[in-house]
Amino acid sequence: MKIQPPRKSLKFLRWFCSEESIEEVEGNLIEIFEKDFEKSPSIARRKFTWGVIKHFRPTFIKSFKFGQTLNQTAMLRHNLTISLRNIKRYKGSFLLNVSGLSSGLACAILIYLWVSDEMRIDRFHENDSRIYQVLKNASQGDKTIQTFEVTPSLMAQAMVEDLPEVEFAASVIRRDYGVASIQKEHLKAMPHFVNKDFFNVFSFNLIVGDKEKIFPDRNHVLLTEKMALKLFNTTKDIVGKTFEWEWWEMFNGTYTVGGIVETPPSNSTMQFDILFDHDLWRERNKNDGNWISNNANTFIVLRNGADPVAFGEKVKNYSRKKHEELYGKEGLEYEGDVIIQRYSDHYLYDKFENGVQAGGKIQYVKLFSVVGVFILIIACINFMNLATAQASRRAKEVGVKKAIGAKRLALIVQYIAESILITLISVVIAILIVYLLLPQFRTITAKELSLNPDPNLILAIAIITFVTGIVSGSYPALYLSGFNAISTLKGLLKTSWGGSWIRKGLVVFQFFLSMLLIVSVVLVYKQIQFIQTRNLGFNKDNIIRITNEGKLRKDPATFLNEVRRIPGVVYAAGMSGDLVGSHGGGGGIEWEGKDPNEGIEFSGLYAGNDLIEMLELKMAEGKPFSTVATSGVKKVIFNETAIEMMRLRDPVGKKVKMWGEEREIVGIVKDFNYESLYENVGPLFIRHEDINRSTMIKVQPGMERETLEKIEKFYKQYNNEQPFEYQFIDQDFQTLYDSENRVAILSRYFAGIAILISCLGLFGLTAFTAERRAKEIGIRKILGLGVFGIVYLLSKDFTRIVVIAIVLSIPASYYIGQRWLQAFAYHVDLQWWYFLAPAAAALVIAWLTIGVQTIKAANVNPAKTLRSE
Amino acid sequence: MKDHSLGEFEELVLLFVAALHDEAYGVSILENLEEKLEKKFNVSAIHVALKRMEDKGFIKSRFGGVTSDRGGRRKKFYTITALGKRVLDSQYSLRTSIYSKIPKISFG
């Protein structure tokens, strides 16, 4: 009889003990056990186990290295050879894999470039983490809160003095373009008025000049390098030179160059050509220099260690307190909470709803990041599916390797390494594609993107590549390495039901993602079309706008009268303010029955005669300016929303007080969209003025060219040969939706690529199935099945998969679409065909893909496929 | 430098390897040790000592034939090498030379 030592102990010994010692240790232990057993079985067992435990020490434990006897480099070379042979042998699937992966990777790299550029904006300042922008939340008459970027120009200085946490504070006043000239040379330039802390807050390099005293006196200015080059053709020895500046009346005159500042880089939201002294603004602009006019942007640098949250809480009532200190209770209702936002966050998080941060451009950044990941996933799935579907080709390899003694882990490593190799090949091609597409991409995104090898980019590409390689290699590696050695060598490979189920699931997922992208594109396109063709409540066609400069600014009346005589000119009128945002305006309006605790911030337009007729604005009550006469009192028109918020009854003929000046309401204009369609129409006034900032001219349709030539000729003659610059105002509306247009174009491309890659995968799978079932098709053909029958046979599975994907994607895309559209005050309603059309398109594209393969397979002569064997 | 040190227990095991000549393997060494020293040992201690001395080159090993005993495992026999013998000799002479220096007076 054989006596057995304790099984568990023996198993444990065999598990840990090294090959070298097991023979001796186990033999001796068993011999002792056998001898002891005769005396006492239980003692023998205990002693045996004890003996095993005593051997559990480094001397006898196996080394942790795998295959320590293998030559690692030889293995690597062997794996590489096998991979390369496979690529050579199955060129078709290799090409499919590489084209899918490389286009996916190219998309991912492009998206990375765009996203990282967006994330870098305004982050180059040295104090970046401590620079905060001061914003104001003002509550409106209807209790909604609006967030304003403008603050009193006194705010910066006051904050430095009052608040110990504030180290520096810059006050920046930015308005429209002006004209700088030397002799006959006229140049458009963007002025910013800045205070002495400007260079302490922002890291724009001062190339020439004294940082401590940037403006020796109020007539000195700083030019950017670019501006200096344009104006003087050099940056050398220009300090002390003078030029003429024409802008707002009170600022016109001769200025002296006091220094040169580095041109703001493209990743700065602050873009200026000339820096003027902030004090000059306050000296010349009599309306400023108080706590009521909000003209400046205020930027502060918090001291090291200051807690921005606590500070934000502390300054919440700052503006109100200051107002009360200066003026008492009067006008206090127009004040609002002070909030601070990190300056570099302001670009991406620029939307505020009811005074609370509500996203902004960050949404597009997130959207495209998701799109990039989707496309990569789709490309990875292609690889997985092709690799597992064609597993039978490599089953023997797995069998032989396993029989020789390859561990499963070694096989997994091999297959993942292979997929990383293919991804590496793809990434090289992808970089090439990116390089070729970059100029195009730059124009679409209007960004200066480059493929310069900076460490971040290289790291990002490396990470994208390896993650893609590992993800796409993981499932095939697990699947292939799990084969049973014996059955593969016998040729009994069962493609398990489970495997094909996963494969089908992956294809469903692929088409699901593609469908989501396509539906999104349709929605974005529809929404943008809707906005651009929507009736805004006024007619913006064929109207040009000229900024009034020179003589035209001083005497616009003569100019208008003359222009009206030019044949082809329908209307001409003066206007200040802008139809698309940046409306001057504000509160400070008093009317009969006004609740003293409630202030309404109005948007404002300043208009001459004929403007209302020109824009074809509809009057709800009263008459436009040109047709009513008031005895000496100036005129004003409100929109319906304004009247409603003011709760005025029978407004026409009533008087309001605007900034101390009495005006008569002559009419009410029907609401029209003067802002982005993101917003609802707000309260608006149109003040009648004779002198305005710009001139609007409506030109007879069909006569644009000759009329514009005549206007230009007259303008130059009138305005001392200044360049005639004009803009069609519908272009302004285009730029209003710039980011949407860009998103629309980009998402169209990306969705196209997504469906293309999905189809590549489907193409590969069908080709493979057709090949596998070649004999079956041959036999069926001989037995009389027609081409159509064969096509049906091969495509019905795939059709089912695509249909499932479509059905699943509809509720998901409906949900996402609904949420996106809600961001717009005016939006298209979701129509059933927005979903059906993409679905039909996806199905047709899938059928075409499958069809090419199946028809080819169906037309093969059965004799060929059945001949061998 | 090669390690020529020899611990007390190792020395005992080495002595038995030399004494048992060609019949020295784990269990036989263990039994002899227990008999002579009248003390119980765990075979793992012997295995460790043997492995160390083999690494140091004092002993060498060969496998015996397969038997149905011992769970089918072969015996691993040890013999002393010339180096092992020299180390043992020097250890022995060292001890006797010091021993001879003990004064011949009675230890009452």
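Two strands count as paired here if DSSP finds at least two bridges between them. Helices (H or I, at least four residues) and strands (E, at least two) are DSSP runs, numbered from the N terminus. The model is predicted, with local features needing pLDDT of at least 70, side-chain atom pairs counting only at pLDDT 80 or more, and totals for chains, interfaces and linings using all residues. Residues are numbered from 1 along each chain as its sequence is written, while chains are lettered from A and ligands numbered from 1 in the order in which they are written.

**View 1. Strand β12 of chain A and its partners β7(A) and β9(A).** Strand β7 (residues 191-194) runs parallel to β12 (residues 274-277) in chain A, and four bridges join them. With β9 (residues 220-224) of chain A, β12(A) runs antiparallel, through two bridges. Look for A:Leu275: A:His192 has it as bridge partner, and A:Leu222 stands opposite it too.

**View 2. Helix α5 of chain A packed with α15(A).** Here α5 (residues 91-120) and α15 (residues 455-481) of chain A pack at about 145°, axes 11 Å apart (axes are lines fitted to C-alpha atoms, for helices over the stretch in contact, and angles run from 0 to 180 degrees between N-to-C directions). Among the residues that meet are A:Leu105 and A:Ile109 from α5(A), and A:Ile461 and A:Ile464 from α15(A); contact takes C-beta atoms, placed from the backbone, within 7 Å.

**View 3. Helix α12 of chain A packed with α15(A).** The angle between α12 (residues 362-389) of chain A and α15(A) is about 25°, with axes 9 Å apart. That makes the pair roughly parallel (angles under 35 degrees). A:Phe383 and A:Met384 are among the α12(A) residues in this contact, and A:Val471 and A:Tyr475 among those of α15(A).

Notes:
Contact = placed C-beta atoms within 7 Å. Parallel < 35°, antiparallel > 145°, perpendicular 65-115°, else oblique.
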